[in-house]
Amino acid sequence: MSIDWAALGSVFGVSLVTTVALVGLFTLGIVGLTRQERATAEGGSAALAVTGAYACFAACAAAVAYGIYLIVA
């Protein structure tokens with residue numbers, strides 16, 4: 001049995017980058033919703049922040065769905 005270390009390193013690198021990107025995207029969504037709550041408390045509106053937050057959450061959901069598709073297919 002032989003281990004292809006280059007392929008293993010490649011999988012590790014892609015997994016690491018994808019995980020950090022997904023967590024960062026989800027964090028941006030949470031920040032957007034927090035800004036909306038702050039704006040509502042101050043009597044304002046933050047429609048762009050909410051739209052961006054929902055877009056971030058949708059992108060996260062799409063990435064997870066694509067990952068599940070790759071595993072199942």
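**Entry 1: where the helices meet**

I began with the contact between the two helices, and I noted that Leu22, Leu25, Phe26, Leu28, Gly29, Ile30, Gly32, Leu33, Arg35 and Gln36 of α1 meet Ala49, Val50, Ala53, Tyr54, Cys56, Phe57, Ala59, Cys60, Ala63 and Val64 of α2. When I sorted this contact of α1 with α2 by class, I found 16 nonpolar, three polar and one charged residues. I keep in mind that I am reading a predicted model.

**Entry 2: how the helices are arranged**

I then asked myself how the pair is oriented. Two packed helices are described by the angle between their axes and by the distance between those axes. For helix α1, which covers residues 5-41, and helix α2, which covers residues 47-72, I wrote down a packing angle of about 155 degrees, with the axes 8 Å apart. That angle makes α1 roughly antiparallel to α2, because angles over 145 degrees are counted that way. I also looked up the handedness, and I recorded that α1 passes α2 in a left-handed crossing.

**Entry 3: the protein as a whole**

Stepping back, I counted the secondary structure elements and found two helices and zero strands in the protein. The radius of gyration is 18 Å, well over the 11 Å that the globule rule gives for 73 residues, so I describe the protein as more spread out than a compact globule. I looked up the extent of the C-alpha trace as well, and along its principal axes the trace spans about 65 × 25 × 15 Å. As for burial, I noted that buried residues make up 11% of the 73 residues.

**Entry 4: Phe26**

**Entry 5: Val17**

Finally I turned to Val17, which is also found in helix α1. Its relative accessible area is 56%, and Val17 is therefore exposed, because the cut-off for that class is over 50%. I looked up one distance from this residue too: Val17 and Val31 are 14 residues apart along the chain, and their C-alpha atoms are separated by 21 Å.

Methods
Residues are numbered from 1 along each chain as its sequence is written. This is a predicted model: local features need pLDDT of at least 70, side-chain atom pairs count only at pLDDT 80 or more; totals for chains, interfaces and linings use all residues. Side-chain values use heavy atoms; hydrogens and water are left out. Axes are lines fitted to C-alpha atoms, for helices over the stretch in contact, and angles run from 0 to 180 degrees between N-to-C directions. Helices (H or I, at least four residues) and strands (E, at least two) are DSSP runs, numbered from the N terminus. Angles under 35 degrees count as roughly parallel, over 145 as roughly antiparallel, 65 to 115 as roughly perpendicular and the rest as oblique. A crossing is left-handed if the near helix is turned anticlockwise from the far one by less than a right angle, and right-handed if clockwise. Contact means heavy atoms within 4.5 Å. Ala, Val, Leu, Ile, Met, Phe, Trp, Tyr, Cys and Pro count as nonpolar, Asp, Glu, Lys and Arg as charged, and the others, Gly among them, as polar. The radius of gyration is taken over C-alpha atoms; the globule rule is 2.2 Å times the number of residues to the power 0.38. Buried means under 20% relative accessible area, exposed over 50%, partly exposed in between (1.4 Å probe, protein chains only).
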